[in-house]
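Thank you for making the time this morning. I would like to walk through one model with you, chain by chain, and I will begin with a point of terminology once it is on the screen.

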Amino acid sequence: MNRFAWPLVVFALLVVMFGVALKRAPEKQILKSALIGKPAPEFILPNLLQPDQTVSSSAIKGRWTVVNVWGTWCAECRAEHETLLQIRQEGKVLMVGLNYKDEDGAARDWLAQLGNPYDLIVVDHEGRAAIDWGVYGAPETFLIDPSGTIVHKYISAMTPDIWRAQFLPLIDKGAK
Amino acid sequence: MLPEIGQFAMILALLLAATQAFFGIAGAWKGNSRWMSAVYPAVAGQFVMLALAFGCLVWSFVHNDFSVRMVAGHSNTALPIYFRVAATWGNHEGSLLFWVFVLSTWTVAVAALSGSLPRAFCGRVLGVLGILSFGFLLFSLATSNPFARLQPAPADGIDLNPVLQDFGLTIHPPMLYVGYVGCSVAFAFACAAMLEGKLDQTWARWTRPWTTVAWMFLTVGVALGSWWAYYELGWGGWWAWDPVENSILMPWLLCTALIHSLAVTDKRGLFKSWTLLLAIMTFSFCLLATFMVRSGVLVSVHSFASDPARGVFILAFLALVIGGALTLYVWRAPLLRSQAGFDLTSRESFLLFNNILLVIATAVVFGGTLGPFIADSLGLGTLSIGAPYFNPTFLLPMLPLMALVSIGVFSRWKRGGLGDSRRRVLGSLLLAVVIGLALIVGVYGDRSLLGPIGVVLGVWIVIASLVDPLDRLRRGLSLSPAILGMTLAHIGLGVLTVGVTTMETRMLERDVALRPGEQVQLGAYTFTFEGVRDVEGPNYSAKQATVAVAHQGKPLATMLPERRNYWVQQTSLAEAALGVGWRRDLLVTMGEDLGNGAWSLRVQVRPLMRYVWLGAALMAFGGLLSTIDRRYRRRVESTEAQTTSQPQQGQPA
């Protein structure tokens with residue numbers, strides 16, 4: 001073979017390797033949270049809309065639940081808000097909001113202004129609960145099955161495509 | 001309104017880039033001079049459009065237009081104005097627009113300064129640059145639109161990552177980008193030569209100044225990045241072999257090889273196909289670096305990694321541009337023949353070894369950087385590669401390279417054997433050993449092996465580089481900017497080597513827990529912790545410690561490290577206090593509050609740290625100096641005249 005062709009051959013091999021790596025990347029993202037397949041962490045946190053009450057983790061047992069980490073300071077959260085409203089309308093899951101490092105007043109204003117996509121909102125001012133959940137930013141979205149096991153985690157803004165491709169199949173499979 | 005104007009300007013720029021690419025390459029191919037003339041207005045128009053688009057984006061940041069998603073995501077009303085401007089390129093979308101804007105600026109410079117080059121060649125160069133600009137603009141518009149709106153607009157933004165709120169960072173990425181994009185000029189020259197099927201010594205002479213300027217910016221960029229890591233990240237690390245740093249180092253190593261290989265092609269008409277390949281590889285690594293840092297291939301910072309469309313586009317773009325150039329290479333490189341031969345110990349040989357060693361060093365870094373990533377994604381398990389791999393394997397090619405520099409500067413073109421210079425080589429080595437050992441044993445009392453070797457090699461480079469220029473001055477000959485620049489750059493390398501080895505082998509460091517009034521001893525330095533107070537910044541509050549430093553009992557300085565809490569991002573960040581000097585740097589970093597007024601502190605003494613930056617600065621300045629040499633501005637002469645004239649020893653390489 002022409003010796004000047006070697007660089008092209010090596011480069012082609014690298015491209016193929018990168019291509020394979022890229023194709024596998026979405027699968028790897030699912031595996032990222034060490035909590036997948038483990039029981040959802042326990043918590044007892046104040047209820048945003050009824051501040052004198054607390055909510056414990058037993059409230060999310062027994063049905064498919066989405067836990068969405070959000071804050072009014074988070075621009076990506078605003079971007080996913082519309083999608084979250086649609087998911088609640090769909091009614092397949094219990095929507096739980098984890099209001100993360102936020103101010104209660106600002107959070108209530110946000111919901112009044114944009115609509116409330118959550119059935120239940122718990123408040124985590126200090127981010128203590130978020131540490132148990134392995135959260136490192138917002139937005140993050142967890143899917144929890146009726147036995148209380150975390151089955152999926154998605155980082156960054158939820159979109160209808162992601163919901164259909166990554167979340168719904170898991171729920172439908174579990175329902176059978 | 002302005003964001004929409006900016007976006008519209010980007011679309012117009014995309015169309016103009018397509019025009020530039022088509023008329024440049026097709027015009028030269030058909031020999032149609034009217035088509036080739038159409039390239040210049042396209043270049044100018046594209047520059048105006050991109051300046052407008054970039055201006056609109058900067059304006060949105062400066063005026064806190066949080067309806068633009070990028071502004072909301074990366075800025076904040078409490079952020080000082082210069083950081084809001086810098087936030088424009090402190091993110092994926094904005095940095096892409098900045099990249100194309102810089103490319104357009106380089107293209108204008110090439111179009112304006114290449115009046116004396118053959119028109120068809122110029123057309124091809126500008127055409128290739130047009131293809132690159134088109135690809136980047138398409139990528140930006142299709143997957144990473146910087147002007148995307150957010151409805152409804154939030155009242156305030158998320159703030160810029162606190163780590164990035166720093167002066168070093170406001171200028172580090174622009175410098176690097178100017179360097180990366182500068183390498184695209186050498187790449188375009190290489191592609192144009194391959195399209196033409198002709199490459200002679202004049203080609204190398206046209207390419208050299210552009211490449212050297214790009215190399216200078218890369219040097220400054222690497223040094224600034226390292227400097228920023230050193231004083232901002234807080235733990236005093238200046239080079240951690242992390243993927244981002246490595247991605248910057250690889251193009252720099254290759255570009256260093258390229259400027260030396262171009263010298264041989266320019267002076268002797270040799271290494272033609274090798275020079276072409278290096279030009280392609282250098283730019284490929286610049287592209288890789290651009291995408292690696294910003295696309296989130298390596299660090300999946302939230303939204304970056306979540307968009308697979310970006311990854312696919314990047315891969316396709318790299319495959320087309322680099323694959324296209326390498327295909328051209330397979331076809332054209334066999335046609336390039338060099339007649340001239342050279343001896344084993346001639347200057348050509350030394351520069352060839354220089355190239356081989358630099359490419360090996362690049363391969364070492366490449367393997368260590370992408371190896372774990374590839375192994376992980378192919379399911380071969382996770383590897384962790386760090387300093388224990390990089391330090392020894394990188395030194396393996398670098399130590400011989402240092403020695404080669406010192407001998408190589410004495411070598412002659414074409415003829416081997418060093419001639420009369422043999423005595424000077426030995427003399428300079430002897431002097432270097434004496435000075436180096438005196439420095440190490442006398443001043444620092446070192447017993448490690450690597451320290452003396454590194455210092456002797458560094459001192460040797462400095463001495464060897466000085467011999468010939470001093471000799472010329474003694475004989476009353478003038479020093480051209482090219483020789484002066486080369487000498488300075490080599491001295492810079494020597495100074496850098498001395499600085500790095502001394503600092504790495506002689507560094508003192510301790511982590512201590514101190515109560516107010518307690519002190520810690522580090523070498524001849526005493527650090528006394530005097531207490532902590534609260535201070536307020538524009539967008540953070542901080543605990544500031546007061547640490548008094550004394551040298552051999554004499555009070556020397558008061559250092560004020562901080563631990564800052566940024567309000568908006570709720571991030572805590574240590575701001576190290578630095579005491580810099582010609583002999584050593586002192587560093588104090590605050591750790592945790594241990595209660596009862598006690599704090600954990602890290603104190604460091606780093607000898608000769610400043611010489612690392614000084615060396616890099618000398619290298620960059622040397623590069624700049626050599627590009628102003630008159631021979632690069634001479635009108636095109638016939639190639640034959642160059643080949644027959646025998647370049648003498650001591651001419652700049």
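This is a predicted model: local features need pLDDT of at least 70, side-chain atom pairs count only at pLDDT 80 or more; totals for chains, interfaces and linings use all residues.

The secondary structure of chain A comprises five helices and seven strands, and, read from the N terminus, its elements follow the order α-β-β-β-α-β-α-β-α-β-β-α. Chain A has 176 residues, of which 35% count as buried. If we take the contacts in chain A with a separation of 6 or more, 75% of them are between residues 24 or more positions apart.

Let me turn to chain B, starting with its helix α7, residues 119-143. This helix of chain B has 25 residues and spans 36 Å from first to last C-alpha, which is close to the 36 Å expected at 1.5 Å a residue. Because 20 of the 25 residues of α7(B) are buried, the helix is largely enclosed by the rest of the structure.

Next, the nonpolar cores. The largest one has 221 residues, and among those with the most contacts inside it are Val125(B), Ala186(B), Ala214(B) and Ile280(B). Helix α8 of chain B, residues 167-196, supplies the largest share of this core, with 19 residues. What does Ala214(B) touch, if we leave aside residues up to four places away in sequence? Its contacts are Gly179(B), Gly182(B), Cys183(B), Val185(B), Ala186(B) and Cys255(B). There is also a second, separate core of 17 residues, which includes Phe527(B), Val547(B), Val549(B) and Ala577(B).

Finally, I come to a sheet in chain B. It is an open sheet of four strands in the order β1-β10-β9-β8 (chain B), with antiparallel pairing. At its edges stand β1 (508-514) and β8 (577-579) of chain B, each with a single partner strand, so one side of each is left without a neighbour in the sheet. Neighbouring strands of this sheet are turned by 20° against each other on average, with direction ignored. Looking at one pair in detail, β1(B) and strand β10 of chain B, residues 598-607, are joined in the antiparallel sense over seven bridges, and within β10(B) the bridge partner of Leu514(B) is Trp599(B).

Notes
Residues are numbered from 1 along each chain as its sequence is written. Chains are lettered from A and ligands numbered from 1 in the order in which they are written. Helices (H or I, at least four residues) and strands (E, at least two) are DSSP runs, numbered from the N terminus. The expected span of a helix is 1.5 Å times one less than its number of residues. A residue is buried if 20 or more other C-beta atoms lie within 10 Å of its own, exposed if 12 or fewer, and partly exposed in between; C-beta atoms are placed from the backbone. Two residues are in contact if their C-beta atoms, placed from the backbone, lie within 7 Å. Two strands pair if DSSP finds at least two bridges between them. Axes are lines fitted to C-alpha atoms, for helices over the stretch in contact, and angles run from 0 to 180 degrees between N-to-C directions. A nonpolar core is a set of buried Ala, Val, Leu, Ile, Met, Phe, Trp, Tyr and Cys residues joined through C-beta atoms within 7 Å.
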